[in-house]
Amino acid sequence: MLKSDLVQTDKHSIKICFGGKISDFYVAQIIIRTRWRTFKMRTLTIITVLFIFTSCKPNLDKKSESEQVEKEIKNVFDRSILFPFGFELSEFEKDRVNEYRDGDCSGKIEQFSKNKYEIAIDSTNCGEYGIQYKFYLIENNNLKLVHIKELKPEYQDKPRGLKYIAYETVFDYRAAPFILYTRISVLDKPDFELMTSGLLKTEFDDFENRYNLLKTDYENSWKMRLD
């Protein structure tokens with residue numbers, strides 16, 4: 001329908017409403033005022049919608065940003081670098097165990113095997129000095145991943161009291177360049193699950209010396225005995 005047809009239709013309808021006893025001038029005034037009110041209502045509706053959208057957008061952005069940060073914390077690294085290294089430990093067979101004592105610390109190392117892979121768990125408890133866990137992924141007698149978790153109590157002045165310093169380190173020797181992952185957190189409770197920071201990923205230069213030290217630690221845990 002053309003604009004002229006629409007105007008003619010409006011005039012005809014208005015005249016019918018007033019019994020045909022109204023001039024074209026007043027009909028035009030009614031049409032103009034009606035359309036102006038309609039325009040204002042539409043404009044007000046658009047402004048209201050825009051206001052609601054812009055008011056909600058910062059909250060949506062804030063929520064989205066928070067979710068993104070949480071996602072980065074959880075997924076900043078390949079989960080397979082952490083014990084049990086992408087495997088199901090229940091599918092492995094435990095083939096040897098050794099318990100030992102080293103000064104004030106007592107420890108136990110267990111090893112599980114499946115095909116060409118071996119996973120070793122070396123746990124050490126040093127009482128008030130803290131605890132340590134070392135997880136080894138070994139392939140064809142070569143260290144591929146070493147995942148270390150340490151928890152050390154730290155006594156502080158009140159009101160803070162006792163805190164726990166949690167360390168987590170991963171040495172990735174699967175492929176060059178070799179990667180070191182680290183993070184540290186101060187916790188109120190001795191629970192590694194409370195660590196929320198992401199692992200810092202860096203390439204390290206002295207990978208050969210680190211490898212030899214880790215291999216020596218692994219071998220010594222099998223050599224040591226209970227006193």
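Start with confidence. The chain has an average pLDDT of 77, and 65% of the residues reach at least 70.

| Stretch | pLDDT | Contacts in the model |
|---|---|---|
| Residues 1-34 | below 50 | 19, beyond near neighbours in sequence |
| Residues 65-75 | under 50 | four, beyond four places in sequence |

Where pLDDT is low, the predicted coordinates should not be read in detail.

Now for the hairpin. Strand 1 (residues 93-102) runs antiparallel to strand 2 (residues 105-114), and nine bridges hold the pairing. Asp102 sits opposite Cys105 of strand 2. Two residues lie between the strands of this hairpin, and Gly103 has a positive phi near 65 degrees.

Strand 1 also turns up in the second largest pocket. This pocket holds about 170 Å³ of space. Its lining counts 13 residues, and those closest to the centre are Tyr100, Asp102, Thr124, Ser221 and Met224. Which elements give two or more residues to that lining? They are strand 1, strand 3 (117-125), strand 4 (131-139) and helix 3 (207-223). By residue class, the lining splits into five nonpolar, four polar and four charged.

Key. Residues numbered from 1 in each chain as written. Predicted model: local features only at pLDDT ≥ 70, side-chain atom pairs only at ≥ 80, totals over all residues. Heavy atoms only, no water. pLDDT = per-residue confidence, 0-100. Contact = heavy atoms within 4.5 Å. Pairing = 2+ DSSP bridges. Helix = DSSP H or I, 4+ residues; strand = E, 2+ residues; numbered from the N terminus. 1 Å grid on protein atoms, 1.4 Å probe; cavity = no way out; pocket = protein on both sides within 12 Å on 5 of 7 lines; lining within 4 Å. Points joined across faces, edges and corners; volume = space filled by probe spheres on them. Nonpolar A, V, L, I, M, F, W, Y, C, P; charged D, E, K, R; others polar.
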